[in-house]
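Morning, everyone. I have one structure to show you today. Please take a look at the screen.

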Amino acid sequence: MSRGRAGDRNDVSTPSGQGPRSGVKDPVLRMPDATLSVEPGSTVSTTVTVYNASAIVEEYTIEVLGPTAEFAQAMPDRVSLMPGDDTTIEVLFSPPAGAATDAGTLPFGVRAVSGVDEYYAAVVEGTVDLGAVHDLDARLVAVSGEHRWVGRYRAEFTNNGTAPVTVDIAVLSGTEDVGFALAPDQLYLERGQTDAAFLKVRPRAPFFMGAPRRHAFQLAYQRHSERAPAVDPTSEGTLDGVFEQRPVASRRLLTIAGLSIAGIIALIALLPSPAPPAAAAVPPQTPEIQSIEPAALTASASPATTGDPVSAKTA
């Protein structure tokens, strides 16, 4: 227990302007259970005993101090005591559900202030361990979900809870036809922070032409923190994605190629036909003169010379 005063004794005046009243003493406070634990949306309580050590009748105002004051209540918050008497009050802590209050160990104080002279007061102190609210928002954004060679995705995570969390990420593939590259595979998020991991999906076997092929996959994530409850079914989740693999030869490319080939054929058809090559000149041939032997000439001329057919026949 400690005295809870706004300043030094000499800085506090009584309503009459005189020094502290005689016979008035600080109250005595006792709190058996000073270490509390509560989850947002729940209530926890403790008790404080107030003892009037003064020689006069006192009326004490009870206050809760510290960061828990906004969701704490003293019941009752005002007590009257005869000299030497005591009473017990209850202090309730009811943190709101949701992420309105930071998780962690929060100090608090319960103060009793004299109604006769506010100089006289006492404070008893404790702590409340406020559980964490976990609220993780996750989504998968397709940066380039339709491509011939590679698909690109961004997995975004936002920590809307009351405590820092670590998020582990892994790829769950439903097919062996594509490969994956994920970076980073772990994120650390403070309260209210957003961060992202980046994923590449690459087909193992591109194809030249045909209908697009769809490859479904999943990203699995799991968050954990030092203040996570023992059983938390919301700590895990999956994000569904689809990569649409396009053919290397797209319809547009095939159309352009067909038009190009048709244009080349038409251009060739419009070109003038080349002239036939000139016939090669044939050199004149000189007639061959055969030589006749003299004996043959003599034999063939003898009948004509003699004019005697009989003689020629006889010879």
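This is a predicted model: local features need pLDDT of at least 70, side-chain atom pairs count only at pLDDT 80 or more; totals for chains, interfaces and linings use all residues.

The protein chain has 315 residues, and 33% of them are buried. Its secondary structure comes to 18 strands and three helices. Now the contacts. Take those with a separation of 6 or more: 67% of them join residues 24 or more positions apart. The accessible surface is about 19,400 Å². Carbon and sulfur atoms hold 54% of that surface.

Next, a single residue: Thr 46. Find strand β3, residues 44-51, and you will find Thr 46 in it. Is Thr 46 buried or exposed? Its relative accessibility is 3%, so Thr 46 counts as buried. The cut-off for buried is under 20%. What does the side chain of Thr 46 reach? The backbone oxygen of Asp 33, at 2.6 Å. Asp 33 is also on the contact list for Thr 46, once neighbours within four places in sequence are set aside. Met 31 and Leu 36 are on that list too.

Four strands make an open sheet, and the order runs β10-β12-β16-β14. The pairing is antiparallel. β10, residues 136-144, and β14, residues 178-183, are the edge strands, each pairing on one side only. Ignoring direction, neighbouring strands here are turned by 20 degrees against each other on average.

Look at the β14 end. β14 pairs with β16, residues 194-203, through six bridges in the antiparallel sense.

Key: Residues are numbered from 1 along each chain as its sequence is written. Side-chain values use heavy atoms; hydrogens and water are left out. Helices (H or I, at least four residues) and strands (E, at least two) are DSSP runs, numbered from the N terminus. Buried means under 20% relative accessible area, exposed over 50%, partly exposed in between (1.4 Å probe, protein chains only). Contact means heavy atoms within 4.5 Å. Accessible areas come from the Shrake-Rupley method with a 1.4 Å probe; for residues, only the protein chains shown count as cover. A polar contact is a pair of N or O atoms within 3.5 Å; within protein, one must be able to donate a hydrogen and the other to accept it, and residues adjacent in sequence count only if both atoms are side-chain atoms. Two strands pair if DSSP finds at least two bridges between them. Axes are lines fitted to C-alpha atoms, for helices over the stretch in contact, and angles run from 0 to 180 degrees between N-to-C directions.
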